[in-house]
Structures are given as structure tokens and as C-alpha cells.
Amino acid sequence: ILITTIASKGELQNWPELLPKLCLLLDCEDYNTCEGAFGALQKICEDSAEILDSDMLDRPLNIMIPKFLQFFKHNSPKIRCFSDESAETMERRESGKESCGLSR
């Protein structure tokens, strides 16, 4: 919660190592670490979509979206859901469309 609160307050540019570290943690063998990293990334995607696709942060979506796609067929339904919802959040931002019905 602390990480996503700091990120949602517009502090991502002051913590440049956060997003790369969270993306690295997605590959962790420990399920809880992977789930926690995905949960944080999903919340950051929801709260900070504009800045994630900006030059201010060197467009981290160029790294994050391909990473999310790797988890679409993960063994865990929860990880698949995090991956799908994170990618969908970015897609909605790009297209300006409403949600396709994923519930929270």
C-alpha cells in the first residue's frame, strides 16, 4: 500500500528504480512476491496511467506491457487476472473505451 500511495501522489519520477524493480519481482519464484509485485503494478497502472506512457519516465509501458503479456497463461488465476487487468487498463487509456466488464 505504501508503494502505490507514493506512486499515486506523483512521485514516480523521484523513484526511478521502482518500476524496473517491480517488473523484476514478477519473475520471482516465490508466489507471494510475484503476486505482491503484480498487485502494486496494477494499482500504479490504474492511478498513474498518464505518466507511464510519458517521456518523463522514458515510457515504462514499453517494458511493462510485454512483461504483463508473459503472464496471460500463468498457472495462477490471480496472476492471470492481474496481468489481464493491468494490460486492459493501459488499453482503455489508449483507446478511451470503457471497461470490458472486469469486476474488482
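This is a predicted model: local features need pLDDT of at least 70, side-chain atom pairs count only at pLDDT 80 or more; totals for chains, interfaces and linings use all residues.
**Entry 1**

Helices here are DSSP runs of H or I with at least four residues, strands are runs of E with at least two, and the numbering starts from the N terminus. Not counting residues up to four places away in sequence, I44 touches I3, T4, A7, L12, L18, L19, L22, A49 and L52.

I call a residue buried under 20% relative accessible area, exposed over 50%, and partly exposed in between, with a 1.4 Å probe and protein chains only.

Residues are numbered from 1 along each chain as its sequence is written, and side-chain values use heavy atoms, with hydrogens and water left out.

pLDDT is the predictor's confidence in each residue, from 0 to 100. The protein averages 82, and 87% of the residues score at least 70. By helix, I found the lowest confidence in α1 (residues 2-11), with a mean of 73, and the highest in α2, at 92. Residues 97-104 have a pLDDT below 50, yet this stretch has 14 contacts in the model beyond near neighbours in sequence.

**Entry 1: the overall layout**

I counted helices and strands next: 6 helices and 0 strands. Read from the N terminus, the elements go α-α-α-α-α-α.

Of the 104 residues in the protein, 38% are buried. The accessible surface comes to about 6400 Å², and carbon and sulfur atoms hold 54% of that. Those areas come from the Shrake-Rupley method with a 1.4 Å probe, and for residues only the protein chains shown count as cover.

I then looked at how far along the chain the contacts reach. Among contacts with a separation of 6 or more, 52% join residues 24 or more positions apart.

**Entry 2: the nonpolar core**

Which residues have the most contacts inside the largest nonpolar core? First, the term: a nonpolar core is a set of buried Ala, Val, Leu, Ile, Met, Phe, Trp, Tyr and Cys residues joined through side-chain atoms within 4.5 Å. The largest one has 25 residues, and L12, L41, I44, L52 and M64 have the most contacts inside it. At least two core residues come from each of α2 (18-25), α3 (31-47), α4 (49-52), α5 (61-69) and α6 (77-95). The largest share, 7 residues, is from α3.

In α2, I listed L18, L19, L22 and C23 as buried. These four lie on the same side of α2 because they cover an arc of only 130° around the axis. The arc is that of the directions from the helix axis to the C-beta atoms.

I did this again for α5, where L61, M64, K67 and F68 are buried. They also sit on the same side of their helix, α5, since their arc is only 130° around the axis. On the other side of α5, N62 and I63 are exposed.

**Entry 3: cysteines**

How many disulfides are there? A disulfide is a covalent bond between the sulfur atoms of two cysteines. My cut-off is a pair of cysteine sulfur atoms within 2.5 Å, and the count comes to 0.

C28 is partly exposed, with a relative accessible area of 31%, while C34 is buried at 3%.

R59 lies in the loop between α4 and α5. Its phi is near 50°, a positive value in a residue other than glycine. R59 is partly exposed, with a relative accessible area of 30%.

Last, I looked up S86. I44 and S86 are 42 residues apart in sequence and 9.0 Å apart in space, C-alpha to C-alpha. L69, found in helix α5, is 17 residues from S86 in sequence and 9.7 Å from S86 in space, again C-alpha to C-alpha. L69 itself is partly exposed, at 47% relative accessibility.

Key: Contact means heavy atoms within 4.5 Å.
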